[in-house]
Amino acid sequence: MAESWTIGTFGCCSVKDCGFGCYVKNWLGWPCIWCHVLEKAGLGGSCQHCLGGYMCGHLYSGYMRNKIAAKYNISEALCCSILTEMLCPYCSCYQYENEVLVKEKLTWGWCEVVSDVGGGGGGCGGTVAVLAGAPSRSEDMIR
């Protein structure tokens with residue numbers, strides 16, 4: 001039986017780890033985050049998505065939306081994926097980015113998505129958890 005999207009098409013504020021961090025990170029680094037999400041979904045490398053997105057725009061993004069739907073057993077025709085992408089690209093993008101974040105246990109990073117080792121935390125999750133234990137440069141010099 002086919003699954004459905006974790007959030008609705010207009011669920012932009014319902015994405016995993018939604019909050020100020022999510023907003024700022026997507027505002028500053030959305031193209032890189034988008035490419036990295038597709039890479040983490042196992043759909044190829046970031047560079048190919050960057051080129052495909054810039055050269056073919058909504059057609060490519062709609063096609064990738066359809067590939068994500070197929071990967072997670074969500075029934076959606078290619079024409080519907082492309083149409084959704086063309087009518088509301090930001091809502092569509094957040095919907096399928098959220099699907100990858102949830103299914104692959106990821107969260108928002110700076111210009112990328114990272115492992116959700118910190119359990120979320122308003123959009124900082126993995127990045128904060130990884131950096132919290134890192135010694136500062138002056139501590140390295142003392143050792």
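**Note on the predicted model**

1. The chain exposes about 7,900 Å², and carbon and sulfur atoms supply 65% of that area; accessible areas come from the Shrake-Rupley method with a 1.4 Å probe, and for residues only the protein chains shown count as cover. This is a predicted model, in which local features need pLDDT of at least 70 and side-chain atom pairs count only at pLDDT 80 or more, while totals for chains, interfaces and linings use all residues. Residues are numbered from 1 along each chain as its sequence is written, and side-chain values use heavy atoms, with hydrogens and water left out.

2. The secondary structure comprises six helices and two strands, in the order α-α-α-α-β-β-α-α from the N terminus. Helices (H or I, at least four residues) and strands (E, at least two) are DSSP runs, numbered from the N terminus.

3. Of the 143 residues of the chain, 42% count as buried, that is, under 20% relative accessible area, with exposed meaning over 50% and partly exposed in between (1.4 Å probe, protein chains only).

4. The largest nonpolar core has 25 residues, and those with the most contacts inside it are W34, L38, I68, Y96, V100, W108 and V113. Such a core is a set of buried Ala, Val, Leu, Ile, Met, Phe, Trp, Tyr and Cys residues joined through side-chain atoms within 4.5 Å. Two or more residues each come from α1 (20–40), α2 (46–71), α4 (89–103) and β1 (106–108); α1 gives the most, with six residues.

5. A straight helix of 26 residues would span 38 Å at 1.5 Å a residue, yet α2 spans only 18 Å between its end C-alpha atoms; the expected span is 1.5 Å times one less than the number of residues. A kink of about 130° in α2 is centred on C56, the bend at a residue being the angle between axes fitted to the seven residues ending there and the seven starting there.

6. The buried residues of α2 pack against α1, α3 (78–87) and α4, where contact means heavy atoms within 4.5 Å.

7. The whole structure holds two aromatic pairs. Rings of Phe, Tyr and Trp (its six-membered ring) pair if their centres lie within 6.5 Å; planes under 30 degrees apart count as stacked, over 60 as edge-to-face and the rest as tilted. The rings of W34 and Y60 have centres 6.3 Å apart and planes at 70°, so this pair is edge-to-face. Because W34 lies in helix α1 and Y60 in helix α2, the pair ties together parts that are 26 residues apart in sequence.
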